[in-house]
Amino acid sequence: MEFSSKLLEKAVNEMAQLPGIGKRTALRLVLHLLKQPATHTHFLAEALTEMRDQIKFCQSCHNISDVALCEICSNPARNHQIICVVEDVRDVMAIENTNQFKGVYHVLGGKISPIDGVGPSQLNIASLVAKVKSGTVEELIFALNSTMEGDTTNFYIYKQIKDSSIKIATIARGIAVGDELEYADEVTLGRSILHRIPYENSLKNN
């Protein structure tokens with residue numbers, strides 16, 4: 001792809017680094033920005049810079065937040081004895097949209113994947129185990145995607161906490177194997193949370 005401007009080329013190359021954005025789509029987006037008033041682009045650049053520099057991760061659940069403790073964890077109306085374990089912040093958003101879960105979350109920040117070089121120590125697993133062992137947790141719900149990596153991560157955590165006297169559940173398989181939570185419709189996802197099953201039962205089915 002030939003560019004008449006090095007500045008245009010640089011902007012397109014940077015935009016093309018975003019997931020799902022190829023060079024042609026990046027070019028369309030950049031040209032669109034050029035057609036807009038300069039203030040629009042400045043506002044976008046400022047918002048991105050401010051987000052990157054100032055955003056925080058909740059010190060309790062590792063969700064994205066503007067402050068040290070996210071709105072969910074700091075909400076006294078939530079049931080802090082029930083923790084829903086998810087892969088990333090997109091899953092928190094998906095489950096919250098169902099309005100069916102009133103507990104809190106724990107964001108792992110990924111899933112165990114030896115092929116990708118991701119091991120347990122690179123995820124927020126130790127802090128989850130510590131919460132369980134503190135004695136303040138009544139139930140843990142695994143809500144990871146139904147993939148080999150997700151199941152491996154569930155089982156690893158289960159082995160760390162199976163001797164604890166808490167309920168360990170997993171979302172019902174209304175979510176098809178291999179599907180990602182963020183793409184599930186709200187009704188199906190909501191029902192899968194409400195009709196969760198004991199985690200041990202899911203092991204018998206594998």
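# Exercises on a predicted protein chain

The protein chain has an accessible surface of about 12,600 Å², with 54% of it belonging to carbon and sulfur atoms (Shrake-Rupley method, 1.4 Å probe; for residues, only the protein chains shown count as cover). The model is predicted: local features need pLDDT of at least 70, side-chain atom pairs count only at pLDDT 80 or more, and totals for chains, interfaces and linings use all residues. Residues are numbered from 1 along each chain as its sequence is written, and side-chain values use heavy atoms, with hydrogens and water left out.

**Exercise 1.** State how many helices and strands the protein chain has, and what percentage of its residues is buried.

Solution. Step one: the protein chain holds eight helices and seven strands (DSSP runs numbered from the N terminus; helices are H or I with at least four residues, strands are E with at least two). Step two: of the 206 residues, 36% are buried (under 20% relative accessible area; exposed is over 50%, partly exposed in between; 1.4 Å probe, protein chains only).

**Exercise 2.** Describe the largest pocket by volume, lining and class of residue.

Solution. Step one: the volume is about 630 Å³ (the space filled by probe spheres set on grid points, which are joined across faces, edges and corners). A pocket is an open set of points on a 1 Å grid over the protein atoms alone, where a 1.4 Å probe fits, with protein on both sides within 12 Å along at least five of seven lines; lining residues have an atom within 4 Å of a point. Step two: 21 residues line the largest pocket, and Ala 11, Met 15, Val 30, Leu 33 and Leu 44 lie nearest its centre. Step three: α1 (6-15), α2 (23-35) and α3 (38-54) each give two or more residues to this lining, with the largest share, six residues, coming from α1. Step four: the lining has 15 nonpolar, four polar and two charged residues (nonpolar: Ala, Val, Leu, Ile, Met, Phe, Trp, Tyr, Cys and Pro; charged: Asp, Glu, Lys and Arg; polar: the others, Gly among them).

**Exercise 3.** Locate Glu 139 and decide whether it is buried or exposed.

Solution. Step one: Glu 139 lies in strand β5 (residues 139-142). Step two: Glu 139 counts as buried because its relative accessibility is 8%. Step three: beyond its neighbours within four places in sequence, Glu 139 is in contact (heavy atoms within 4.5 Å) with residues including Gln 81, Lys 167 and Arg 196.
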